[in-house]
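Hi,

Here is the structure I promised to pass on.

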Amino acid sequence: MRKEQHTKGWNEIKTNDSWALFKIMGEFVTGFEKMSAIGPCVSIFGSARTRPGDMYYELAVNVAKKVAEAGYGIITGGGPGIMEAGNKGANLAGGTSVGLNIDLPFEQHDNPFIDSDKSLDFDYFFVRKVMFVKYSQGFVVMPGGFGTLDELFESITLIQTNKIHKFPIVLVGSDFWRGLLEWIKNTMLEEGNISPGDLDLIKLVDSAEEVVEVIDDFYKGHTLSPNF
């Protein structure tokens, strides 16, 4: 017999929220302690659905490898697809390979290329996102879905509003991103919803070498440090 669904009352929700604060604080403390000890890193974002052998998967491996060889650790969301490719590239280069994992219903599982002592698990998306933003010296954004766009636009917004230090945001794959960038320029900018200088926050490239060039050029004039 199916049990009737229990509907939480307002007071029960309030009590649960109060106790959840301790778990949230615990995730922040653990994340800050582990991430602050790692050093300069670059985060790689992209679709969890991209398979090995796909053009963008192999490109992401090469991007991560080149970035790691340039002296940066690699942070990903810890799952399959482009995330796996990023950790794999770091692993191949002998670099630092970090995975910020989160439990999702269909896509997320740890990939095997994360350093054993640098795999962090989160229950809260917003805590995980703080780790990406605070400890990344650059965002490399491969083709992906809504989650990828979420990370992209949040980082642009935080830089645009001076809530974090500016850092490189590099889109990889002209064929994938060109339409979005044209819409941003021809619609958002033309209608006055953003400033012309906001477009300079994003760089569009097609190769691993260009990614490293953008990051290295930026840090010729900026200090490597956490972003807030």
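Predicted model: local features only at pLDDT ≥ 70, side-chain atom pairs only at ≥ 80, totals over all residues.

Let me start with Glu 154, which is partly exposed at a relative accessible area of 27% (buried means under 20%, exposed over 50%, partly exposed in between, with a 1.4 Å probe and protein chains only). Residues are numbered from 1 along each chain as its sequence is written, and side-chain values use heavy atoms, with hydrogens and water left out.

Glu 154 sits in helix H5 (helices are DSSP runs of H or I with at least four residues, strands are runs of E with at least two, and both are numbered from the N terminus). What does Glu 154 touch, leaving aside its neighbours within four places in sequence? Lys 129 and Val 133 are in contact with Glu 154, contact being heavy atoms within 4.5 Å. Val 133 and Glu 154 are 21 residues apart in sequence, with their C-alpha atoms 9.1 Å apart.

H5 itself covers residues 146–160, and its 15 residues reach 21 Å from first C-alpha to last, close to the 21 Å expected at 1.5 Å a residue (the expected span is 1.5 Å times one less than the number of residues). Its buried residues are Thr 148, Glu 151, Leu 152, Ser 155, Ile 156 and Ile 159. Down the axis of H5 these fall within an arc of 125°, so they line one face of the helix; the arc is taken from the directions from the helix axis to the C-beta atoms. They pack against several elements, including strand S1 (41–45), helix H4 (125–135) and helix H6 (174–189). Just after H5, Asn 162 has a positive phi of about 60°.

Now the sheet. It is open, with 7 strands in the order S4-S3-S2-S1-S5-S6-S7 and parallel pairing (two strands pair if DSSP finds at least two bridges between them). S4 (119–122) and S7 are the edge strands, each pairing on one side only. On average, neighbouring strands are turned by 25° against each other, direction ignored; axes are lines fitted to C-alpha atoms, for helices over the stretch in contact, and angles run from 0 to 180 degrees between N-to-C directions. S1 and S5 run parallel and are joined by 4 bridges, and Phe 45 stands opposite Val 141 in S5. H4 packs on this sheet, with S1 and S5 among the strands it touches, and its direction makes about 110° with that of S5.

Last, the aromatics. Rings of Phe, Tyr and Trp (its six-membered ring) pair if their centres lie within 6.5 Å, and planes under 30 degrees apart count as stacked, over 60 as edge-to-face and the rest as tilted. That gives 9 aromatic pairs. Phe 28 and Phe 32 have ring centres 5.8 Å apart and planes at 40°, so this pair is tilted. Phe 32 also forms an edge-to-face pair with Tyr 135, at 6.3 Å centre to centre and 65° between the planes. Since Phe 32 lies in helix H1 and Tyr 135 in helix H4, that pair ties together parts 103 residues apart in sequence.

Cheers
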